[in-house]
Amino acid sequence: MPQATCPVCEAELHLSKAEALFGRRITCPECGSLLEVVEEDPLELEEVFDFEEELDEDEY
Ligand SMILES: [Zn+2]
């Protein structure tokens with residue numbers, strides 16, 4: 001089972017194979033952070049700040 005470390009709280013996370021794919025987003029069960037798979041081998045996660053994507057520049 002793929003394992004990764006949460007970059008926020010450093011908890012050891014066990015991902016399913018479907019989750020351990022590049023670009024997949026998961027939520028850390030320990031700290032609730034939104035994480036994205038940025039590297040598949042070795043498995044590496046990075047925190048995602050989703051609100052930044054929602055705040056698209058206002059053209060008006
Ligand atoms: Zn965490």
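Among contacts in the protein between residues at least 6 apart in sequence, 21% join residues at least 24 apart; two residues are in contact if their C-beta atoms, placed from the backbone, lie within 7 Å. This is a predicted model, in which local features need pLDDT of at least 70 and side-chain atom pairs count only at pLDDT 80 or more, while totals for chains, interfaces and linings use all residues. Residues are numbered from 1 along each chain as its sequence is written.

**Overall make-up**
- From the N terminus on, the order of elements is β-β-β-β-β-α.
- Of the 60 residues in the protein, 12% are buried, meaning that 20 or more other C-beta atoms lie within 10 Å of the residue's own; exposed means 12 or fewer, and partly exposed is in between, with C-beta atoms placed from the backbone.

**The sheet**
- Three strands form an open sheet in the order S3-S4-S5, with antiparallel pairing; two strands pair if DSSP finds at least two bridges between them.
- Strand S3 (25-27) and strand S5 (43-47) are the edge strands, and each pairs on one side only.
- Three bridges join S3 to strand S4 (residues 34-40), and the two run antiparallel.
- Arg 25 stands opposite Glu 36 in S4.

**His 14**
- His 14 lies in strand S2 (residues 12-14).
- His 14 counts as exposed because it has 11 C-beta neighbours inside 10 Å.
- Leaving out residues up to four places away in sequence, His 14 touches Met 1 and Gln 3.
- The C-alpha atoms of His 14 and Cys 28 are separated by 10.0 Å, and the two residues are 14 residues apart along the chain.

Methods:
Helix = DSSP H or I, 4+ residues; strand = E, 2+ residues; numbered from the N terminus.
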